[in-house]
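Welcome! Please take a look at the structure below before reading on.

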Amino acid sequence: MTLKRLAERRGATSTGAPEMLARKAETIFIEANRWALIAILSLMAVLVFTNVCLRYFTNHSITWSDEVSRHLMIWLTFIGAGLTLRHGGLVAIDNLQAVLGERQARALRALVAAIMIIFFLTMIWAGKIYVERTMFQTTPSTRIPFGYIYLAMPIGFGLLIIHFLLVLKTYLAGGMGALQQSDDAPPVAG
């Protein structure tokens with residue numbers, strides 16, 4: 001059954017089908033990002049646990065496990081930043097916009113959003129340069145080029161831009177607090 005027919009069957013108009021497709025694409029994007037984080041964290045946990053057990057029971061260890069775990073932590077941090085932003089989990093200071101009127105607060109949030117996008121793009125550019133400069137240096141244990149490890153920076157900031165653009169309308173309407181209202185948001189300190 002085509003997407004258009006499915007939308008018609010559910011009572012949606014033909015303009016609802018693209019919106020439904022966009023929501024489905026967003027859901028797939030979020031789930032892929034979450035599963036990447038789960039895979040990285042699981043691999044880190046298995047590596048560290050195995051290495052601790054080997055040290056304890058055999059007095060030997062995997063020489064490269066600490067290095068790989070450190071590199072996976074770098075990837076975990078950058079890949080996870082977009083999901084954290086999406087749920088309003090990054091640092092935000094709302095005092096100024098709280099005392100402003102709604103129109104001025106929205107304008108301030110638009111300015112902050114523009115600054116954030118510029119910062120994210122700058123970090124992608126800086127990360128690209130960093131990757132290029134470190135591609136010929138290798139890690140001590142695994143001999144992997146550092147460029148592959150630092151590739152997490154431009155990829156992570158690229159994902160951050162995508163996540164931010166997907167929640168931009170909600171952010172502009174209510175700030176980071178509005179992002180924290182979703183059902184699956186992680187707990188945020190008050």
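Predicted model: local features only at pLDDT ≥ 70, side-chain atom pairs only at ≥ 80, totals over all residues.

Residues are numbered from 1 along each chain as its sequence is written, and side-chain values use heavy atoms, with hydrogens and water left out.

**Helix packing**
- Helix H2 (residues 16–58) packs with helix H3 (residues 65–86) at an angle of about 155°, and their axes are 9 Å apart (helices are DSSP runs of H or I with at least four residues, numbered from the N terminus; axes are lines fitted to C-alpha atoms over the stretch in contact, and angles run from 0 to 180 degrees between N-to-C directions).
- H2 is therefore roughly antiparallel to H3, a term for angles over 145 degrees.

**Loop residues with positive phi**
- Asn59, in the loop between H2 and H3, has a positive phi of about 65° although it is not a glycine.
- Asn59 counts as exposed at 68% relative accessibility (exposed means over 50% relative accessible area, with a 1.4 Å probe and protein chains only).
- Arg143 lies in the loop between helix H5 (102–134) and helix H6 (146–150), and its phi is also positive, near 60°, in a residue other than glycine.
- Arg143 is exposed, with a relative accessible area of 55%.

**Around Leu96**
- Leu96 belongs to helix H4 (residues 95–99).
- Leu96 is exposed, at 51% relative accessible area.

How values were computed
Helix = DSSP H or I, 4+ residues; strand = E, 2+ residues; numbered from the N terminus. Buried < 20%, exposed > 50% of the residue type's maximum accessible area, 1.4 Å probe, protein only. Parallel < 35°, antiparallel > 145°, perpendicular 65-115°, else oblique.
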